[in-house]
Amino acid sequence: MGRNERAGIEAIAVHVPNLYLDLKDLAQANSVDPAKYQKGLGCQRMAWPEPDEDPVSMAAEVAHRLIDSYAVDPATIGMVIAGTESGVDAAKPIASFVHGLLSLPQRCRTFDTQHACYGATAGLRLALDWCRTTRKRALVIATDIARYDVHSPGEPTQGAGAVAMLVGPDPAVVQFEDPVEAVYASHVFDFFRPHYRSTAVVDGRYSLECYLTALENTYVAYTEATGRRLLDFRYLLFHVPFPKMAWKAFGRVYDIEQARNHTELPSKEELFARMTEPALWGNREVGNVYSGSLYLSLASLLEADDAAVEGAFVGMFSYGSGNCAEFLAGRVCHDASVWRNRTGLRQLLAERRRLTHAEYLALREPANPAPFTPSPRRYRFLGIENHQRKYVGPKASHSRNRAGDAYAGL
Ligand code: COA
């Protein structure tokens, strides 16, 4: 079978937990000026999972939303990849749980891809190459819970959520260009989570330096290979551990281009407002979702009230601590009716409930969960029985009534 150049994202959906902590409340409890969290880090609120919500239930939830809202025929999915750093088992991947919960076809590959926040990008790249040669469809899911110690510098940058992308040969959301090997890796301990810990160990300042070094390397590799320059992109998206990081990242790219001195650039502030800021509103609301944070930005951009999104050329930088990074690019497809208001992001944010700081602290203790009213979700974690994790939720079924026949199968 010949190589198919048209590969990309056919559908994208988001899951955000129903609970959130406002960072004004966290700042007050920690006796910190709220401006440090809101302006210094760029965070407004952070999503927090319910006691019966975990990386598997979030992944199943978002996969179900994608299948439902784009009327995808589950029988056309030939590969499920979960990009995550929140694995629940040392052997059985989250992709396998999702495959079972949604009753996806047995003629299917299922596995997880892990490298901190780069995991989902590794899965996406793999899926794109597989689709280009097989013309089949893969479900790539980023699912993570970002958790740091109470009172640690990372605490205001927590979050939780999942993003699902249907990757296939008929992209209606983003078509990726032919792959460029704009990648970078270096064995560092900037951020990691040993198996015996539930929270990450992070050297915050060092991790930002590692991120910027990786960005510089991948951006230079990409621009040298393609001849493209900053102004060739309409939007520039970054991995977002906290939104201010996107500003720092944009600044590094801007400095590289200024040093090249090819063209007179508008001011950094003006370009950032035009190229990156429209993609950050979701990250400000949800917090860090690790492997999904770049794709949460992509969903935010698609759901932004910005007509320029259709047909826009988008550069995307993915960074995973430890570390591995990649710069990739693609074009948003023209038919906004396919993706506008379909990701679920706006609806989920509108329905959330604000936690008090005391409830947030109680929810951090699994042995003593705060009393809560569960939100209307499809998938729930029931507990562990005979060493097996048990979940409840419906199978996925194919409905054609919303998107017509466009996604009915190949
Ligand atoms: N008003 C406005 N801004 C304020 C402020 C105030 N009252 N007080 C502080 N700030 C600013 C600081 O100037 C700083 O901005 P800058 O980085 O542009 O200089 C920012 O807020 C953060 O303040 P800082 O004192 O550096 O915070 P910190 O040392 O407590 O923690 C991080 C910052 C980023 C190191 C920490 O949040 C962290 O470790 N985060 C996780 C890192 C991570 O995710 N790494 C993975 C990389 S992918």
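Predicted model: local features only at pLDDT ≥ 70, side-chain atom pairs only at ≥ 80, totals over all residues.
I'll start with helix α4, residues 94–101. The helix is mostly covered, with seven of its eight residues buried. Those are Ile94, Ala95, Ser96, Phe97, Val98, His99 and Leu101. What lies over them? The cover includes one helix, α3 at 55–69, along with strands β4 (77–83), β5 (109–113), β6 (137–146) and β17 (388–392). Just past the end of α4, look at the backbone of Ser103, where phi is positive at about 50 degrees.

Is Ser86 buried or exposed? Ser86 counts as buried because its relative accessibility is 9%, and the cut-off for buried is under 20%. Its side chain comes to 3.2 Å from the backbone nitrogen of Ile145. Setting aside neighbours within four places in sequence, the contacts of Ser86 are Pro55, Ile94, Thr143, Asp144, Ile145 and Arg193. Two of those names tie back to the helix: Ile94 is in contact with Ser86 and is also among the buried residues of α4.

Next, the ligand. How many residues surround it? There are 18, and the closest are Lys36, Pro153, Arg205, Ser207 and Lys248. An oxygen atom of the ligand sits 2.3 Å from a side-chain N or O atom of Arg205. For Lys248, the distance from a side-chain N or O atom to a ligand oxygen is 2.6 Å. On the nitrogen side, a ligand nitrogen is 2.9 Å from an N or O atom in the side chain of Asp33.

Last, the cavity. The structure has one cavity of 30 Å³ or more, and the largest cavity has a volume of about 80 Å³. It is lined by 13 residues, of which Glu177, Pro179, Val180, Leu328 and Ala329 are closest to the centre. Which elements give two or more residues to that lining? They are α5, residues 119–134, and β14, residues 324–332. Strand β14 gives the largest share, four residues. By residue class, the lining has eight nonpolar, five charged and no polar residues.

How values were computed. Residues numbered from 1 in each chain as written. Heavy atoms only, no water. 1 Å grid on protein atoms, 1.4 Å probe; cavity = no way out; pocket = protein on both sides within 12 Å on 5 of 7 lines; lining within 4 Å. Points joined across faces, edges and corners; volume = space filled by probe spheres on them. Nonpolar A, V, L, I, M, F, W, Y, C, P; charged D, E, K, R; others polar. Buried < 20%, exposed > 50% of the residue type's maximum accessible area, 1.4 Å probe, protein only. Contact = heavy atoms within 4.5 Å. Near = heavy atom within 4 Å. Polar contact = N/O pair within 3.5 Å; in protein donor to acceptor, adjacent residues only side chain to side chain.
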